[in-house]
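Visitor: I'm new to this one and would like to learn how to read it. Could you walk me through it, feature by feature?

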Amino acid sequence: MRLSRPTGGGPSGGDEDDAALLRAVARGDTGALAVLYDRHAGWLHARLARRCPDEETVREVLQDTFVTVWRSAGGHRGRGEAGGWLWVIAARRLVDARRAGARAARSPAAPEPAAPAPSAEDRVLAGLEYGEVGAALDRISPELAEVLRATVVDGLTTREAARLLGIPEGTVKTRALRARRELRAALDAGRARGPHPLGGTA
């Protein structure tokens, strides 16, 4: 399949157009995949680059994302914008790439380059992706988890998250509050005591 280089911008095109493209991709239409790539690769690349400074990793994750889209387009059920579905795939591919990189760094044969100490924000985000909080996030309702990932992990505003997920801004705010409550409950189920990473008390 031939895909173009990503360009800037945000998600574009109507929801129905994207849904039609995904249905065509599910039928094996490489042209539809190319159109979907041209429409969404730019903002996906920019967002991945905000979370990963390594350009090669970003490019690989972007390509892996659309390979996954090619293989699993039939799994998109049309709930919310296609952009939200694409970002979930991209974010998961980035997590996989970081885990693979961490394993390689721990290899005895690998060099040990000097690296700056992770910031407090990096540690919080790492917990949301990999640690105890990440495990708890996987246990709460998917529609709540996606709002929390968009607003906390990705740092999107309520308006941006609403556009990405295809839901009203008020719904984003309501789900974000519910998500924090469910997350705290999930954390409490896994440990008797300890501070909540998101702050506050249950």
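This is a predicted model: local features need pLDDT of at least 70, side-chain atom pairs count only at pLDDT 80 or more; totals for chains, interfaces and linings use all residues.

**A guided look**

Guide: Let's begin with the overall layout.

Visitor: How many helices and strands does the protein chain have?

Guide: The count is nine helices and zero strands.

Visitor: What share of the protein chain's residues counts as buried?

Guide: Buried means under 20% relative accessible area. Here the protein chain has 202 residues, and 37% of them count as buried.

Visitor: Now for contacts. How many salt bridges does the structure hold?

Guide: To spot one, look for a side-chain nitrogen of Lys or Arg within 4 Å of a carboxyl oxygen of Asp or Glu. The structure holds four of these. One of them joins Arg39 to Asp18, with N and O 2.6 Å apart. Arg39 belongs to helix H2 (residues 30-51) and Asp18 to helix H1 (residues 15-26), so this pair ties together parts that are 21 residues apart in sequence.

Visitor: And Asp18, is that residue buried or exposed?

Guide: Asp18 has a relative accessible area of 3%, so it counts as buried.

Visitor: Which residue forms a salt bridge with Glu55?

Guide: That's Arg59, and the closest N and O atoms of the two are 3.7 Å apart. Both Glu55 and Arg59 sit in helix H3, four residues apart, which is about one turn of the helix. Glu55 is partly exposed, at 34% relative accessible area, and Arg59 is partly exposed too, at 45%.

Visitor: What about Glu169: which partner does it have in a salt bridge?

Guide: Glu169 pairs with Arg159, and their closest N and O atoms are 3.6 Å apart. Glu169 is in helix H9 (residues 169-190) while Arg159 is in helix H8 (residues 158-165), so the pair ties together parts ten residues apart in sequence. As for accessibility, Glu169 is partly exposed at 35%, whereas Arg159 is exposed at 62%.

Visitor: Let's stay with H8. Which residues are buried there?

Guide: Among the things to check in a helix is where its buried residues point. In H8, Ala161, Ala162, Leu164 and Leu165 are buried. They lie on the same side of H8, because they cover an arc of only 165° around the axis.

Visitor: What follows H8?

Guide: Gly166 does, and its phi is positive, near 75°. Further on, Pro168 lies in the loop between H8 and H9. Pro168 counts as exposed, with 53% relative accessibility.

Visitor: How far apart are Pro168 and Thr158 in space?

Guide: Going from C-alpha to C-alpha, Pro168 and Thr158 are 9.2 Å apart, and in sequence they are ten residues apart.

Visitor: Why does Asp64 count as partly exposed?

Guide: Exposed means over 50% relative accessible area, buried means under 20%, and partly exposed is in between. Asp64 comes out at 41%, so it counts as partly exposed.

Methods:
Residues are numbered from 1 along each chain as its sequence is written. Side-chain values use heavy atoms; hydrogens and water are left out. Buried means under 20% relative accessible area, exposed over 50%, partly exposed in between (1.4 Å probe, protein chains only). Helices (H or I, at least four residues) and strands (E, at least two) are DSSP runs, numbered from the N terminus. The arc is that of the directions from the helix axis to the C-beta atoms.
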